[in-house]
Amino acid sequence: MSNEKREVFEFDRFRLDVSERLLLCEGERVTLPEKAFETLCALVRRGNRLVGKEELLNEVWADVIVEENNLDKNISLLRQVLGERVGKGKFIETVRGHGFRFLPEVREVVEADNGRRTEGTQNARTIQEQKRGIDARTLKVPKQSRFWLISVGVFSLVVLSSLGF
């Protein structure tokens, strides 16, 4: 049996197995594009903590510069797949100008060495910090914003073009 710890979360009627890259709804497999799946993982790992747009962009698209529109499209797709409807259960809250919050209670499922399943409903931020071995006091601020980097690049191009390069 592998010693690799599996990341498995349950919420509402869904089961998210990060290690196996599976999303199940009442036992049935739900297919998602890769980036939508990664966006869901990022939100679920943090429970109902507000996750900034820049934080999500940096995690899901790592070293690639993309438009915020890509994130918005993935959030919209996730809402559809999870069954979010007007007047019905809400899964992802938009906090205008700041980011997103995953609303359902998230349970982490852990299989013990004896094969028995245990569940925990810890705050997802605490779960994530424990996995990374991070003390809450040592959390670092995310990388500089993409806006700043793009602004510097555009400014440099303007200066170079005005000098005739």
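User: Is helix H1 mostly covered or mostly exposed, and how many of its twelve residues are buried?

Analyst: A residue counts as buried under 20% relative accessible area, as exposed over 50%, and as partly exposed in between, with a 1.4 Å probe and protein chains only. In this predicted model, local features need pLDDT of at least 70 and side-chain atom pairs count only at pLDDT 80 or more, while totals for chains, interfaces and linings use all residues. Residues are numbered from 1 along each chain as its sequence is written, and side-chain values use heavy atoms, with hydrogens and water left out. H1 is mostly covered, with ten of its twelve residues buried; among them are Phe37, Leu40, Cys41 and Val44, together with the charged residues Glu38 and Arg45.

User: Which residues does H1 span, and what length is expected?

Analyst: The expected span of a helix is 1.5 Å times one less than its number of residues. H1 covers residues 34-45 and reaches 17 Å from its first C-alpha to its last, close to the expected 16 Å. Just after H1, glycine 47 adopts a positive phi of about 60 degrees.

User: In what order do the elements of the protein chain run?

Analyst: Helices (H or I, at least four residues) and strands (E, at least two) are DSSP runs, numbered from the N terminus. The protein chain holds five helices and nine strands, in the order β-β-β-β-α-β-α-α-β-β-β-β-α-α. Of its 165 residues, 34% are buried.

User: How are two packed helices described?

Analyst: Packed helices are described by the angle between their axes and the distance between the axes. Axes are lines fitted to C-alpha atoms, for helices over the stretch in contact, and angles run from 0 to 180 degrees between N-to-C directions. H1 and H3 pack at about 80 degrees, with their axes 9 Å apart. H1 is therefore roughly perpendicular to H3, a term for angles of 65 to 115 degrees.

User: Which residues make the contact of H1 with H3?

Analyst: Contact means heavy atoms within 4.5 Å. Lys35, Ala36, Thr39, Leu40 and Leu43 of H1 meet Leu71, Asn74, Ile75, Leu77, Leu78 and Leu82 of H3. By class, this contact has eight nonpolar, two polar and one charged residues.

User: At what angle do H2 and H3 pack?

Analyst: H2 (residues 53-60) and H3 (residues 68-82) pack at about 90 degrees, with their axes 10 Å apart. Lys53, Leu56 and Leu57 in H2 meet Glu68, Leu71 and Asp72 in H3. The classes here are three nonpolar, no polar and three charged residues.

Methods
Angles under 35 degrees count as roughly parallel, over 145 as roughly antiparallel, 65 to 115 as roughly perpendicular and the rest as oblique.
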